[in-house]
Amino acid sequence: GDLRVTGWDNNDILARTDGEVLDISVGADEVSVTCDGDLILSIPRRLSLDLEAVSGDADVRELPGGVAIREVEGDLSLRLVGAASIGTVIGDMEARESGPLTIGDVQSDLSVRGGKGDLAVKSVAGDISLHDMQGNVNLDSVSDDLYVRGLSGNLNARVEGDAVLYLQPAEGRAVNVSAEGDILLHMSPRANAALTLSAGDA
């Protein structure tokens, strides 16, 4: 089922489900939860979250301790989350004010706003949209289009579609983008940066 996890200031753990099975095991520094339906979970902010699999959508908020998720069969949303390691997302993925982020495979679109650290992505089958990223970005494979607006670090990307880049790179930063479609670059004429751009058959 669907999963919603929210960090709160309370030291208690609150769980609600519409399923028939809900097992909660609490250790000194970890909590294990097994459920067969939709689950709404509130846990202390100081805890980190480790998820094996979510059969529906997942929404995780306000967990600065970080998140590790192996597989989400639906959409994944992260907000105000610390370091996150994501395996596979079958649907769309969005992250807001979270990071750093390490992502394996997103089989639809990926959107990140206010990235708090580096972003490393193996594969995205749809589009990627990035806004106000505060670290380095490495995108191994983007099947559709890439849109970037606001980036403080380096950018390395391989794109099968088009790339639209709004950048103000600082001295010492590098931008390396290869796109099978078109590349549209907007940047200040006073920018001092190393650019490597390849588009179409070039």
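This is a predicted model: local features need pLDDT of at least 70, side-chain atom pairs count only at pLDDT 80 or more; totals for chains, interfaces and linings use all residues.
Does Asp-50 count as buried, partly exposed or exposed, and at what relative accessibility? At 49% relative accessibility, Asp-50 counts as partly exposed, because the exposed class begins over 50%.

**Salt bridges**

- A search of the whole structure finds 8 salt bridges, and one of them is described here through Asp-50, whose side chain meets that of Arg-70 with a distance of 2.3 Å from N to O.
- This pair links distant parts of the chain, since Arg-70 lies in strand S8 (residues 67-72) and Asp-50 in strand S6, 20 residues apart.
- Arg-45 forms a salt bridge with Glu-62, in which the closest N and O atoms are 2.5 Å apart.
- Arg-45 lies in the loop between strand S5 (39-44) and strand S6 (49-54), while Glu-62 lies in strand S7, so the pair ties together parts that are 17 residues apart in sequence.
- Arg-45 is partly exposed, with a relative accessible area of 27%, and Glu-62 is also partly exposed, with a relative accessible area of 27%.
- Asp-9 joins Arg-45 and Glu-62 in a network of salt bridges.
- Asp-59 forms a salt bridge with Arg-61, the closest N and O atoms being 2.9 Å apart; Asp-59 counts as buried at 18% relative accessibility, whereas Arg-61 counts as partly exposed at 31%.

**Paired strands**

- Strand S14 (residues 119-124) pairs in the parallel sense with strand S12 (residues 101-106) over 5 bridges, and within this pairing Thr-102 stands opposite Ala-120 in S14.
- S14 also runs parallel to strand S16 (residues 137-142), to which 4 bridges join it, and here Val-124 stands opposite Val-142 in S16.

**Core and buried contacts**

- In soluble globular proteins, nonpolar side chains tend to be buried together.
- The largest nonpolar core of this model has 49 residues, and those with the most contacts inside it are Leu-78, Leu-119 and Leu-139.
- Leaving aside neighbours within four places in sequence, Leu-139 is in contact with several residues, among them Leu-119, Val-121, Ile-128, Leu-130 and Leu-146, and also with Asn-156, Ala-157 and Arg-158.
- Ser-111, found in strand S13 (residues 110-113), counts as buried at 17% relative accessibility.
- When residues up to four places away in sequence are not counted, Ser-111 touches Met-93, Glu-94, Ala-95, Arg-96 and Ser-129.

**A nonpolar surface patch**

- Leu-22, Ile-24 and Val-26 form a nonpolar patch on the surface, and together they have about 240 Å² of accessible area.
- Leu-22 lies in strand S3 (residues 22-26) and counts as partly exposed, at 31% relative accessibility.

**Backbone features**

- Most residues other than glycine have a negative phi, and most peptide bonds are trans.
- Glu-62, which lies in strand S7 (residues 58-63), has a positive phi near 55° although Glu-62 is a residue other than glycine.
- Asp-132, in strand S15 (residues 128-133), is another residue other than glycine with a positive phi, again near 55°.
- A cis peptide bond, with omega of about 5°, joins Gly-99 and Pro-100, and Pro-100 is found in the loop between strand S11 (93-96) and S12.

Definitions and conventions
Residues are numbered from 1 along each chain as its sequence is written. Side-chain values use heavy atoms; hydrogens and water are left out. Patches are made of residues with over 30% relative accessible area and no salt bridge: like charges are joined within 9 Å, nonpolar side chains (Val, Leu, Ile, Met, Phe, Trp, Tyr) within 5 Å. Accessible areas come from the Shrake-Rupley method with a 1.4 Å probe; for residues, only the protein chains shown count as cover. A salt bridge is a side-chain nitrogen of Lys or Arg within 4 Å of a carboxyl oxygen of Asp or Glu. Helices (H or I, at least four residues) and strands (E, at least two) are DSSP runs, numbered from the N terminus. Buried means under 20% relative accessible area, exposed over 50%, partly exposed in between (1.4 Å probe, protein chains only). A nonpolar core is a set of buried Ala, Val, Leu, Ile, Met, Phe, Trp, Tyr and Cys residues joined through side-chain atoms within 4.5 Å. Contact means heavy atoms within 4.5 Å. Two strands pair if DSSP finds at least two bridges between them.
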